[in-house]
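Here are my notes on this model, point by point. Please read them with the structure open.

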Amino acid sequence: SDLTLESTEISDIQANSFTSTTVVQFSNVKGPSGVKIELKSTNVEWNLGNFGTMVKLGHSNTLDVKNNVDTTMTADATVTNPAAFAAFNTYLMHNEEGVWSLSGKAEVTFLVKATVNINNKQLIFQGFNNFSVAPVVRQTNLTSGTTEILYSQALVSMTSLSNVLLSLNQNLYYRFEYEGEVLGVGHIPDYVMRPGTVDMMSYIEFSPTNETAQDALMKLLSRYARGIDTNVTLSHFY
């Protein structure tokens, strides 16, 4: 049978571990009904990486094997090769899809329980593809300021075409640039990226460090005040 990924939520993100809650569907099931499968220690490889095992999944719950029916698999993931996992994440951000290959042991129950080998079962993730739908600033407020910093608050609509939900539950910071000049740093608190279009609040501290950057900021604010659409760049997310 084939295993198709419908959606996945990545949460409880630590330096070398995370929790994944994945909705999958079995298809091409040719065996009897009433089959249950429980993945045990499962090795994950990235099909393009040639890194070997990058993640181990454990403590997966039992799945009902039924044709084209959503079933949820929850697993604790341990990152065994951080460089490989980082390479996969970077690839997923810039491409249409990424593929995990699963192998390991599973317990299959039909009348009796038996341990079987799982080899090269693939999960296909829809990638973020460079966030091909550009974010849109719906509303901006300048909330306060000093002689060095101007504080701004923006309501932003972000669209993800991926089937991956990222729950960082911590601040996501980025660098704010306009006309090649770094104007400051922004952050999105308690960041969660959901599939589809989501409105979220972003906070920006404009702190130009030279006269050229100061001029760029004044030009940006002038264009915004006159209602002129303007493209800016968010980069160096951390």
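1. Lining of the second largest pocket. The model is a predicted one. By class, the lining of the second largest pocket holds 13 nonpolar, three polar and two charged residues. That lining has 18 residues. Nearest the centre of the pocket lie S1, F26, V35, I37 and V65. The volume of the second largest pocket is about 370 Å³.

2. Strands around that pocket. Which element gives the largest share of this lining? It is β7, with three residues. At least two lining residues come from each of β3 (36-46), β7 (97-110) and β8 (112-126).

3. The cavity. Rolling a probe the size of a water molecule over the atoms shows where empty space is left. How many cavities of 30 Å³ or more does a search of the whole structure find? It finds one. The volume of the largest cavity is about 70 Å³. Its lining is made of T8, I10, F18, S20, T22, L57, M73, A75, W100, L123 and F125. Eight of these residues are nonpolar and three are polar.

4. Strands around the cavity. The lining of the largest cavity draws at least two residues from each of β1 (2-11), β2 (17-27), β6 (70-79) and β8. The largest share, three residues, belongs to β2. Note that β8 also supplies at least two residues to the lining of the second largest pocket.

5. Helix α1. This helix runs over residues 82-94, 13 residues in all. At 1.5 Å a residue it should span 18 Å. The C-alpha atoms at its ends are 19 Å apart, which agrees. Which residues of α1 are buried? They are A84, F85, F88 and L92. Viewed down the helix axis, these buried residues fall within an arc of 95°, so they line one face of α1.

6. Helix α2, length and buried side. Helix α2 covers residues 211-225. Its 15 residues should span 21 Å at 1.5 Å a residue, and the end C-alpha atoms are 21 Å apart, which agrees. A213, A216, L217 and L220 of α2 are buried. Why do they count as being on the same side of α2? They cover an arc of only 100° around the axis, which puts them there.

7. On the face turned away from the buried side, α2 carries the exposed residues E211 and A225.

8. L166. This residue sits in strand β11 (residues 164-167). Is L166 buried or exposed? L166 is buried, because its relative accessible area is 16% and buried means under 20%. The C-alpha atoms of T8 and L166 are 8.5 Å apart, although 158 residues separate the two along the chain.

9. M200. Strand β15 holds M200. The relative accessible area of M200 is 9%, and M200 is buried. Not counting residues up to four places away in sequence, M200 touches A154, L155, V156, M158, I188, Y191 and V192. From the C-alpha atom of M200 to that of R138 the distance is 10.0 Å, with the two 62 residues apart along the chain.

10. Positive phi values. Most residues other than glycine have a negative phi. Two residues deserve a look here. N68 has a positive phi, near 55°. N68 lies in the loop between β5 (62-64) and β6. N68 is exposed, because its relative accessible area is 52% and exposed means over 50%. E179 also has a positive phi, near 50°. The loop between β12 and β13 holds E179.

Notes. Residues are numbered from 1 along each chain as its sequence is written. This is a predicted model: local features need pLDDT of at least 70, side-chain atom pairs count only at pLDDT 80 or more; totals for chains, interfaces and linings use all residues. Side-chain values use heavy atoms; hydrogens and water are left out. On a 1 Å grid over the protein atoms alone, a cavity is a set of points where a 1.4 Å probe fits but cannot get out, and a pocket is an open set with protein on both sides within 12 Å along at least five of seven lines; lining residues have an atom within 4 Å of a point. Grid points are joined across faces, edges and corners, and a volume is the space filled by probe spheres set on the points. Helices (H or I, at least four residues) and strands (E, at least two) are DSSP runs, numbered from the N terminus. Ala, Val, Leu, Ile, Met, Phe, Trp, Tyr, Cys and Pro count as nonpolar, Asp, Glu, Lys and Arg as charged, and the others, Gly among them, as polar. The expected span of a helix is 1.5 Å times one less than its number of residues. Buried means under 20% relative accessible area, exposed over 50%, partly exposed in between (1.4 Å probe, protein chains only). The arc is that of the directions from the helix axis to the C-beta atoms. Contact means heavy atoms within 4.5 Å.
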